[in-house]
Amino acid sequence: MTDIPALSIEQKATLVAGATTWSTHEVEGILPALNLSDGPHGLRRQGPDGDNLGVGTSLPAVCFPPSVALGATWNPALAEQVGQALGREARALDVQVLLGPGLNIKRSPLGGRNFEYFSEDPRVSGTLAAAMVRGIQSMQVAATPKHFAVNNQETDRMRVSATVSERALREIYLAAFEQVVREAAPWAMMSAYNRVNGTFASESHRLLTEILRDEWGFDGLVMSDWGAVDDTAASVAAGLDLEMPPSGRAQRIVDAVDHGEIDESVLDVAIERLRRLAARTTGTEPIERDVDGAQEVALQVAREAATLLENDGTLPLDPNAHTRVLVVGEFARTPRFQGGGSSRVVPTRVITALDALRDLAADEVSFAPGFSLTGESSADLADDAVAQAHDAEVVIAFLGLSDRAESEGFDRSDISLPADQLALLRRLVQTGTPVVVVLSNGGVLEVSSWREGVAAMVEGWLLGQEGGRALAEVIYGIVNPSGRLTETIPHRIQDSPSHDTFPGADGEVLYGEDVFVGYRGYDTRGTEVAYPFGYGLSYTSFTYESIEVVPHSDGGWGVRIALRNTGDRAGSEVVQLYVGAESSAPARPVRELRGFTKVHLEPGEGTHVHLVLAERDLAYWNTRARRWQVDPGLYRVEVGSHSRDIRLTETVHSEGDGIVDPLRMDSTLAEWAAHPAGAEFVARMREGIPAEIAERAPELVAMVQSTPVIKLTTWGLGLTEQMVRDVVAASGGDA
Ligand code: BGC
């Protein structure tokens with residue numbers, strides 16, 4: 001191979017941007033061209049002149065359930081299978097780099113792209129995304145986790161600056177990315193459109209180099225989101241290796257090198273990373289597509305994603321009984337199974353719920369569309385559906401959001417079902433025939449105002465091309481639902497912790513709720529919600545029989561839970577492990593998810609579930625010290641079925657991480673007293689203060705406790721600045 005330095009600066013500056021919208025440059029003997037393609041839930045393989053809006057057509061590919069549904073499975077093994085199947089599709093179609101998974105945090109239920117993300121919780125997001133990355137890369141195709149970082153809204157996404165505290169950044173918005181990098185070592189990463197605390201993510205040396213590479217050990221290539229680069233030279237300098245699609249601004253980089261703004265070696269490093277990516281993904285054996293296998297995986301995800309929210313016993317229907325079933329709702333015939341935008345896939349086929357129900361039912365299933373998805377008046381359609389409902393024994397109403405209501409590129413302004421569907425539902429319920437509601441939506445919906453009247457509710461998310469079959473199987477009890485919420489469903493959008501500051505204005509969005517995102521906020525404040533994080537019903541029941549927490553020799557704990565299926569059907573439970581600090585400064589969420597596992601049990605069967613709690617799981621981000629910190633003290637280890645259904649609790653004691661940070665020049669008297677280097681000094685000072693003062697005015701003592709010691713040098717206590725400097729220096733601090 002030719003050495004990189006043999007290239008001119010102009011050539012190098014050209015190589016660090018794509019050749020076309022979907023490929024990189026080829027340089028004989030140095031770099032093979034690489035093909036890139038969306039996306040997270042199916043391959044959107046276009047020709048070189050394609051677009052990144054999901055407008056132009058692409059080769060048919062299996063449309064898996066988007067991440068909103070994959071998340072609801074809480075099943076990393078399935079996510080890995082999706083990754084493998086996607087990787088296989090990619091490799092068979094000559095794609096070396098797959099643009100996914102997307103793992104931004106669902107900060108607000110209004111987020112237009114929530115369908116493309118896993119959860120409001122970083123542990124769920126990180127675990128599922130890591131599994132998917134492993135699966136994709138097992139096929140020698142690069143995964144590209146995106147959008148790094150803090151891209152949690154669509155409003156003004158190419159300009160807005162997310163103003164976020166360092167602690168929220170670390171604990172919430174970077175945590176899933178960190179987990180993916182550490183556990184699955186992705187070969188690529190996509191930087192986000194937005195700014196973070198004033199700096200474009202694509203120009204942030206801190207994000208792209210210091211945190212991603214230096215701290216977490218990422219050794220892959222960073223590419224921009226499509227059109228995210230503002231200043232090409234600043235991006236390259238920050239650690240962005242590939243600008244996509246090419247903007248033709250290579251000259252700006254050449255000038256920057258000429259003027260000494262950036263060093264030429266930065267380009268060499270970027271090109272070296274391109275070569276590493278090529279080495280990892282090219283020269284592989286040809287592979288055949290396996291469309292049948294991929295469709296099977298897509299179906300399995302849909303089966304495990306469907307989430308049962310209500311059931312008065314109407315479900316499951318008996319497929320052998322002669323029941324007069326009426327299916328209402330255009331979505332049963334024209335399913336909404338994926339979201340809009342760059343991730344849109346041309347499916348290999350689409351199975352509708354109506355066809356699938358008719359396949360399974362013993363008798364003819366009637367159908368009434370009930371409403372139109374094209375915006376036309378639905379009055380006649382609704383009248384017809386209601387008339388038919390009077391004669392039915394059960395109504396299955398397929399309601400939801402159309403493509404117009406949610407998509408990449410814009411956020412929602414409310415979380416209601418469309419008015420015509422709500423009016424229809426009210427009339428259906430009034431007929432007295434039991435109504436089972438099946439929902440299709442990417443972002444959560446308000447259900448509190450209408451759920452009372454319905455017999456059952458299945459949250460069907462967006463279930464991919466095979467979803468109709470999965471829904472029919474759930475309705476007829478061939479599949480026992482095991483989906484769980486990865487996002488809280490609030491009573492009202494106003495209850496959402498981020499509501500007051502989402503989506504910001506004038507180019508800035510303040511993340512005012514800090515680390516109290518999603519259930520961390522609702523649960524800590526005790527806000528009533530419609531359905532809590534982790535919630536989902538089953539046709540069977542599970543009993544948590546016992547919990548045992550034992551220390552590990554390496555510092556963490558092993559958590560052993562005895563679980564039993566106490567119902568009369570086989571089913572799966574998602575065992576969730578939460579941790580909460582008994583007392584803490586700073587304020588922390590009342591509980592945070594630290595582990596989970598999905599367990600399948602036959603009726604009456606019991607098992608032991610093992611989960612691991614690492615020492616780091618007790619940590620919070622100490623902003624001052626700029627590090628993770630574990631305080632000594634008591635921690636609640638809670639195990640349960642959702643965040644508000646904790647079945648078993650144990651308490652563990654941690655010694656803390658034992659790290660003592662140096663004193664600073666502005667450390668308070670209380671901080672000195674608690675510090676090995678300051679305690680003796682404080683004790684001596686105390687000796688000099690007459691005891692009666694402390695007795696007479698305890699508030700004075702309290703006041704002085706919170707005063708920086710350096711300020712006390714002017715208070716006539718005989719304390720000098722030099723004395724303070726000496727103690728700070730002795731503690732290892734900057735004096
Ligand atoms: C999206 C990315 C996508 C890219 C290429 C962008 O608009 O934000 O997620 O991978 O387009 O289609």
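The shell around the ligand holds five nonpolar, three polar and seven charged residues. This is a predicted model. H147 is among the residues that come nearest to the ligand, and H147 is itself buried.

**Ligand site**

- The ligand has 15 residues around it, and D38, R113, H147, Y193 and D225 come nearest.
- The side chain of R113 places an N or O atom 2.7 Å from a ligand oxygen.
- For the side chain of Y193, the distance from an N or O atom to an oxygen of the ligand is 2.9 Å.
- The side chain of E408 also has an N or O atom by a ligand oxygen, at 3.1 Å.

- H147 sits in the loop between β3 (142-143) and β4 (161-163).
- H147 counts as buried because its relative accessibility is 1%, and the cut-off for buried is under 20%.
- Leaving out residues up to four places away in sequence, H147 touches N104, R113, Y117, F177, M190, A192 and D225.
- Two of these contacts, R113 and D225, also belong to the residues that come nearest to the ligand.
- A polar contact of 3.0 Å links the side chains of H147 and Y117.
- L103 lies 44 residues from H147 along the chain, yet their C-alpha atoms are 7.2 Å apart.

**Nonpolar cores**

- The largest nonpolar core contains 76 residues.
- Inside this core, F64, F148, V150, Y173 and L207 have the most contacts.
- Elements giving two or more residues to this core include the helices α3 (76-92), α4 (122-137) and α7 (205-215), and the strands β20 (571-581) and β21 (592-601).
- α4 supplies the largest share of this core, eight residues.
- V150 touches N104, A162, V164, L169, Y173, N194, V196 and Y511, again without residues up to four places away in sequence.
- A second, separate core has 74 residues, including V68, F367, L399 and A530.

**Helix α7**

- Which residues of α7 are buried? They are L207, L208, T209, I211, L212 and R213.
- An α-helix has 3.6 residues a turn, so residues three or four places apart point the same way.
- Just after α7, G217 takes a positive phi of about 85°.

Conventions. Residues numbered from 1 in each chain as written. Predicted model: local features only at pLDDT ≥ 70, side-chain atom pairs only at ≥ 80, totals over all residues. Heavy atoms only, no water. Near = heavy atom within 4 Å. Polar contact = N/O pair within 3.5 Å; in protein donor to acceptor, adjacent residues only side chain to side chain. Nonpolar A, V, L, I, M, F, W, Y, C, P; charged D, E, K, R; others polar. Core = buried A, V, L, I, M, F, W, Y, C linked by side-chain atoms within 4.5 Å. Buried < 20%, exposed > 50% of the residue type's maximum accessible area, 1.4 Å probe, protein only. Helix = DSSP H or I, 4+ residues; strand = E, 2+ residues; numbered from the N terminus. Contact = heavy atoms within 4.5 Å.
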